[in-house]
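Biologist: I am new to this structure. Please show me how to read its features, one at a time.

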Amino acid sequence: HTIYLKDYAPTPYRIVSVDLDFKIAPDTTRVRAQLTIEPREGTEPGAPLALDGEELKLEEIAIDGAPLVLSAYAADATGLTVIAPPARRFVLETLVSITPETNTKLMGLYRSSDVWCTQCEPEGFRRITYYLDRPDVLATFKVRMTADETLAPVLLANGNLVARGSLDNGQHFAVWEDPFPKPAYLFALVAGDLGSITDTYTTGSGRKVDLAIYCAHGKEEQCAWAMDSLKRSMAWDEKRFGREYDLDVFNIVAVSDFNFGAMENKGLNIFNDRLVFAKPETATDADYENIERVIAHEYFHNWTGNRITCRDWFQLCLKEGLTVYRDQEFTSDERSRSVKRISDVLTLRSAQFPEDAGPLAHPPRPDQYREINNFYTPTVYEKGAEVVRMLATLLGEAGFRKGMDLYFERHDGEATTIEAFLKVFEDANEVDLGQFKTWYLEAGTPKVTVSDTYDAESQTYRLSINQETAPTPGQPEKADRVIPVAFGLIGPNGSPMGWKGVSGGEVREDMIVLRDKSAEMTFTGVASKPVPSLLRGFSAPVNLATNLTQNDRLFLAQHDSDPFNRWQALQDVGLALIVDAVAGNEADEAAILALSAAMSDTLANNSLDDAFKALALNLPDEQLVGRTIGKDVDPAAIHTARKALLKAVFGPLVDRMYTAYATLASEAPYAPTTEQTGRRALRNRLMALMVTASPNGPALAADQYRHATNMTDRFAALVAAGVAWTADAAALLADFRLRFAGDPLVFDKWLAVNARAEDEGVLSRIEIILDDPAFPKNNPNRLRSLVGSFAMGNPVQFTRADGAGFRFVTQFVADVDTRNPQVAARVLTGFRIWPMLEATRREAAREALVTLKENENLSRNTSDILARMLGE
Ligand code: ARG
Ligand code: ZN
């Protein structure tokens with residue numbers, strides 16, 4: 001059934017404090033919970049108390065020490081009701097047993113490679129004990145754990161360690177106490193035989209914090225980068241947001257079976273080990289950057305998520321959008337701001353824009369859901385971050401910081417809402433954000449259309465701008481949004497151009513703020529016809545259409561002072577050419593030549609950094625082309641057109657690219673520094689381009705693969721060869737598998753390359769890999785690397801016209817759904833592009849989805865995605 005935001009009401013009872021006693025043992029773990037509960041003001045005396053609970057075996061139940069008679073409570077598959085509890089504070093005591101060993105959903109308490117660990121967000125705690133499992137119930141937790149000393153020498157939970165010791169029979173115990181009231185989704189516990197590295201950090205006010213990262217024995221050295229990232233995150237949050245850490249310990253645990261990236265449990269973050277482990281031989285520069293980013297993200301949640309949490313799950317974006325914004329800013333400050341911005345926009349466009357344009361579109365703050373796990377989406381995370389970024393853009397850095405300060409001051413210790421978040425910015429800056437709120441409430445990516453005219457005689461320049469958002473599921477009408485369009489005018493000589501006066505819209509020095517459906521702005525005193533640079537820094541998450549010519553774009557690519565727009569201008573030239581080619585129009589040879597020359601200039605330009613060049617020397621990806629075309633999309637035709645343009649643009653540059661490639665080689669020992677990372681990114685970009693544009697490219701890739709001294713270079717070569725499925729691809733893949741046999745995270749890389757190969761044979765090779773009895777069928781990383789990469793990262797073969805790609809994925813989903821519904825539902829979202837496809841593929845996709853629907857035992861996760869996918 002569906003849950004609605006409008007039905008929100010606090011629970012009739014509150015839980016004040018929680019005492020948990022875990023007896024952890026193979027096969028059966030027993031959990032004794034003592035919940036101190038009281039009725040809220042206004043609760044009818046004796047009103048029933050309904051606790052959540054799933055897959056629990058109730059063994060004892062008592063109130064204030066007195067066992068309850070059978071008629072005093074009722075337990076079923078979703079929870080426990082105490083029929084008439086006392087009308088005063090009381091202690092409810094339950095004893096349940098659970099079996100972490102058979103928990104393949106990986107929610108609640110489960111066992112991963114012999115380690116007991118938990119994942120509770122959003123609704124996993126109810127799989128551990130009966131509870132009011134919702135984020136607005138905040139309690140202090142005391143946790144006692146007992147386990148076999150050899151099986152689990154390490155016993156961790158949230159907060160500070162207050163006692164530990166040995167017991168009889170080889171057992172030992174630990175007691176942890178978390179002084180900060182928290183919702184159950186932030187609960188965590190770990191018990192196992194783990195290695196660790198330790199360090200300390202002293203906060204600005206002098207609190208000494210003990211830091212530790214726990215991991216499988218033998219992996220300790222691979223945790224050093226994560227530890228370094230953690231300390232830099234702690235320092236950054238103090239400097240940038242004035243936020244200090246608040247406990248005496250901060251622990252991180254790396255586990256091998258984990259449904260997503262990581263989890264911000266108070267004082268005890270738990271990570272998918274792929275976001276902790278790094279060494280140069282097995283991790284790429286991208287892995288290093290991801291680890292740094294996610295370590296920071298989870299750490300930043302301590303304030304935005306934990307100290308201030310969400311009132312209900314509709315507000316998820318309150319913590320996630322804000323925390324992604326914060327981690328993006330961290331990376332920007334630590335590395336290159338413009339490169340980070342371009343990469344984030346690439347991610348937004350490849351992950352969120354398709355969601356927003358398809359059957360799964362939803363607002364950053366949804367107002368209904370059937371399964372909350374399906375709302376941990378690019379819209380809630382990445383678009384949520386864009387919305388926060390727009391606030392910062394509109395209010396300015398100082399105004400934004402004033403609002404954030406007030407947020408922490410006013411809401412510390414609370415479970416709150418998007419409304420309260422917006423209110424602090426209104427109050428701190430004396431502005432009205434009523435219209436701005438639309439960004440949180442409505443789905444869909446606005447289309448902003450701009451056209452300009454210039455009148456030389458009157459020296460007048462006119463910009464006309466309008467916005468339009470297409471209907472999305474359940475939202476036929478769209479309101480006008482506030483759209484900050486950062487901009488500048490550029491004169492014929494390439495320098496910025498000013499104006500004397502402007503009328504007809506809200507125009508600041510460097511920003512147009514569009515509030516209405518359309519606006520006509522007149523700039524006077526403009527000496528000659530300018531070229532406008534619009535949406536600088538991607539100041540709003542919109543699709544921009546302009547009347548700029550290919551020449552205007554090439555001009556911007558050369559002269560814009562905004563690095564983002566220089567990059568964007570080159571991409572736009574390429575995009576227009578591919579769209580044209582797919583439409584069967586005659587090739588614009590002049591524009592192709594000019595783009596080729598512009599790419600050559602970019603490569604030669606000494607004032608640009610390597611990482612920027614690596615992003616610029618590219619054409620828009622196939623899915624972006626597909627969305628630009630918008631309907632009756634033929635992914636194979638797009639693929640062909642894009643490949644042809646790559647050859648036409650970069651073919652003539654092969655000699656220059658090869659020289660640059662040779663020059664960029666370095667003997668320096670590997671380090672994940674910005675300088676080295678940029679250098680490798682550009683060199684590997686050139687190598688990938690040569691694989692497409694030069695007959696010698698495949699041999700170059702094979703050669704680089706064999707001589708590489710780090711994973712970044714080796715993997716880049718493997719991807720280039722494997723995706724293009726060159727003559728050596730199979731041999732390189734075979735070598736890679738042997739060379740790194742026994743490292744599961746490198747196996748994931750191997751799986752992903754296999755899944756992304758562009759040739760027709762890819763599907764049968766994937767099937768062979770998956771059918772191997774030794775394939776780890778329950779590990780989320782392995783499954784996602786193989787089948788997730790196919791559904792999301794192989795646009796041509798997944799959408800094969802014969803439907804085999806679609807059927808393979810739906811059959812996989814049906815199978816995995818019986819064990820891990822979250823992994824199944826996530827992979828199924830790969831279908832979100834289906835309504836845009838041309839008729840044959842569209843029909844094949846629909847058939848696969850309808851067949852999946854005949855399965856009567858689908859989980860709530862998968863049936864919710866499926867129903868929305870089919871427009872139900
Ligand atoms: N809060 C975690 C994070 O943002 C992710 C939890 C994901 N949970 C889920 N059900 N998908 O780091
Ligand atoms: Zn998060």
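Modeller: Start with contact: two residues are in contact if their C-beta atoms, placed from the backbone, lie within 7 Å. Helices are DSSP runs of H or I of at least four residues, strands are runs of E of at least two, and both are numbered from the N terminus. Here, Leu733, Phe736 and Arg737 in α18 meet Trp750, Val753 and Asn754 in α19. This is a predicted model: local features need pLDDT of at least 70, side-chain atom pairs count only at pLDDT 80 or more, and totals for chains, interfaces and linings use all residues. Residues are numbered from 1 along each chain as its sequence is written, while chains are lettered from A and ligands numbered from 1 in the order in which they are written.

Biologist: At what angle do the axes of α18 and α19 cross?

Modeller: Axes are lines fitted to C-alpha atoms, for helices over the stretch in contact, and angles run from 0 to 180 degrees between N-to-C directions. The axes of α18 (residues 729-739) and α19 (residues 744-756) cross at roughly 165° and come within 10 Å. That makes α18 roughly antiparallel to α19, a term for angles over 145 degrees.

Biologist: Is Thr309 buried or exposed?

Modeller: A residue is buried if 20 or more other C-beta atoms lie within 10 Å of its own, exposed if 12 or fewer, and partly exposed in between. Thr309 counts as buried because it has 24 C-beta neighbours inside 10 Å. Thr309 lies in strand β22 (residues 309-310). Beyond its neighbours within four places in sequence, Thr309 is in contact with Pro135, Pro183, Lys319 and Ala415.

Biologist: Which residues of α4 are buried?

Modeller: Among them are Val339, Ile342, Leu348 and Phe353. Their cover includes α3 (316-334) and α5 (378-411).

Note on methods. Parallel < 35°, antiparallel > 145°, perpendicular 65-115°, else oblique.
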